[in-house]
Amino acid sequence: MWRRLNSLQFRLTLLLAVAAVAGALVYVGLTQWPLPQLFDWLHKDLSVSLRTPAQLGMYGGLVVSALVLLPLAWWLAYLVMSPLSRLLRALEGAVASYRDGDFSFSIAARRSDELGELIRMHNALGQTLREQRQHLVQRELLLETVVQNTPVALVLTDGNGRVVYSNIASRHLFNEGKSLNGLDFAELLTEAPEALSRAVQGGEDALLSVEMDGSEETFHLSQRAFRLQGRPHRLHLFRRMTRELSRQEVATWKRVIRVISHELNNSLAPISSLAHSGAELARRGNLERLPGVFATIGERAKHLHGFIAGYASFAKLPAPQLQTVEWEPFLASLALHCHYRLAAPAPAHPGRFDPVQIEQVLINLIKNAHESGGAEDEVSLTLLDAGSELRIEVADRGPGMSETVLAQALLPFYSTKRSGTGLGLALAREIAEAHGGRVLLANREGGGLRVSLRLPQIGSR
């Protein structure tokens, strides 16, 4: 009941009723009593002749009453609307503060009607926005701290190739520690190592090695395109993999040594036992059983020789014998060993490399591409003559490689197959580096892997 009596609707109703009663009283006072009696007294006693509103007729009385009520109505309206006007100005200021990002604005709630309830709801909204803003600021500070101090170099570019965000690692990598914001990323890449620039221009994830500060650094490049605030952006992540690869390489060599040691023990122990048995049979004169003993010893020795030869061939890789290689006979010879699709016509100029070693590399890579699980007719070979550099690419449409596998794929003896020796990609890397080149791995858009051999062609023209 009290809530209804204190509502704006009840107050407005009461105000209109008071206004109606006041208007009637003014009209009666001007036309009936006491104003007419006052004019009669002035006329009789003071001989002042004035016309009363009643003598002007009904409309004249109404006009005079309206003129009398107008200042009173203006004053009453000011008294009633003044608190509401102040409240509206306060709400206008609060909205302007919210628009400017300031949520500390609040309004004193001194009313108990609907407007007072609106003020309390407004203050509660402001408190909620302040708390959310504080949480967002804290999360942004945490995220900024993590991103800025991560060892992964991060560069975010807009649709025009301008850097809109970068962290500390990227500044040291591309601009000697200075800010990258607002700079053209393509121009920055012109001063970066060529391999890094080409990998970024390729637009795909890649694992590459570059020469920096007199030493070789290995990077894993990850690139993603997305829309931010309705505009295209591209995120580039450069992760240094040198230390991880070094640790993995040491662990790999330890594993290889354990495998070789285990295999030697498994073969030498039976050989030693059989040799002792053969000597005992010879001493006893039981010569008819010696051929079987010697045959078993020979089988175990042959198995051990084959096992060791597979690993020794990697360590004893000879220096490449560079030759001028015509493409037609080279590709015809390669087609005798494996099936592939030539994605583009062979270059017009011959290449310069060791044909035996490069052929072995391509046989291994094409075989791996067929074993990737993609369609056989999607295994392609591409030869690109880039002037001073020859690019040989083997591509497939398999599942590609995860980031972990990409980081370890070039390690010696690493393999994802149970029975694999892990010499394919490592052998390709060793032969490419012996030629003065390098090997790049990249996942293809739409699925699949691309392995690129980059071989220098100095003196091939």
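Analyst: Happy to! Let's begin with pairing: two strands pair if DSSP finds at least two bridges between them. Strands (E, at least two residues) and helices (H or I, at least four) are DSSP runs, numbered from the N terminus. This is a predicted model, in which local features need pLDDT of at least 70 and side-chain atom pairs count only at pLDDT 80 or more, while totals for chains, interfaces and linings use all residues. Residues are numbered from 1 along each chain as its sequence is written, and side-chain values use heavy atoms, leaving out hydrogens and water.

User: How many bridges join strand 11 to strand 12?

Analyst: Six bridges do, and these strands also run antiparallel; strand 12 covers residues 449–456. In strand 12, Arg454 is the bridge partner of Arg438. Strands 11 and 12 form a hairpin with five residues between them, and Gly446 in the turn has a positive phi of about 90 degrees.

User: Which strands are the edge strands of the sheet, and what makes them so?

Analyst: The sheet is open and has 10 strands with mixed pairing, in the order 2-1-5-4-3-11-12-10-9-7. Its edge strands are strand 2 (163–166) and strand 7 (341–342), since each pairs on one side only. Elsewhere in the sheet, strand 3 is joined to strand 4 (residues 215–228) by seven bridges, running antiparallel; Ser209 has Thr218 in strand 4 as its bridge partner.

User: Why is strand 11 described as largely enclosed?

Analyst: Buried means under 20% relative accessible area, exposed means over 50%, and partly exposed lies in between (1.4 Å probe, protein chains only). Six of the six residues of strand 11 (residues 438–443) are buried, so the strand is largely enclosed by the rest of the structure. Both of its faces are covered: Arg438, Leu440 and Ala442 are buried on one side, and Val439, Leu441 and Asn443 on the other.

User: How do you know whether Glu389 counts as buried or exposed?

Analyst: Glu389, which sits in strand 10, has 10% relative accessibility, so it counts as buried. Contact means heavy atoms within 4.5 Å. Apart from neighbours within four places in sequence, Glu389 contacts Arg198, Leu384, Arg438, Arg454, Leu455, Pro456 and Gln457.

User: And His337, is that residue buried or exposed, and why?

Analyst: Its relative accessibility is 51%, so His337 counts as exposed. His337 is in the loop between helix 11 and strand 7. Setting aside neighbours within four places in sequence, His337 is in contact with Glu359 and Ile363. The C-alpha atoms of His337 and Ile363 are separated by 7.0 Å, although the residues are 26 apart along the chain.

User: Why is the pair of Phe174 and Phe185 given its ring label?

Analyst: Rings of Phe, Tyr and Trp (its six-membered ring) pair if their centres lie within 6.5 Å; planes under 30 degrees apart are stacked, over 60 edge-to-face, and the rest tilted. A search of the whole structure finds five such pairs. For Phe174 and Phe185, the centres are 5.5 Å apart and the planes are at 75 degrees, so the pair is edge-to-face. Phe174 is in helix 6 (residues 168–174) and Phe185 in helix 7 (residues 185–190), so the pair ties together parts that are 11 residues apart in sequence.

User: What makes a nonpolar core, and which residues have the most contacts inside the largest one?

Analyst: A nonpolar core is a set of buried Ala, Val, Leu, Ile, Met, Phe, Trp, Tyr and Cys residues joined through side-chain atoms within 4.5 Å. The largest has 32 residues, and Ile358 and Ile392 have the most contacts inside it. Among the elements giving two or more residues to this core are helix 11, strand 9 and helix 14 (424–434), while helix 12 gives the most, with seven. Not counting residues up to four places away in sequence, Ile358 touches Phe330, Phe353, Ile392, Ile431, His435, Leu453 and Leu455. A second, separate core has 24 residues, including Val163, Ala195, Met212 and Leu221.
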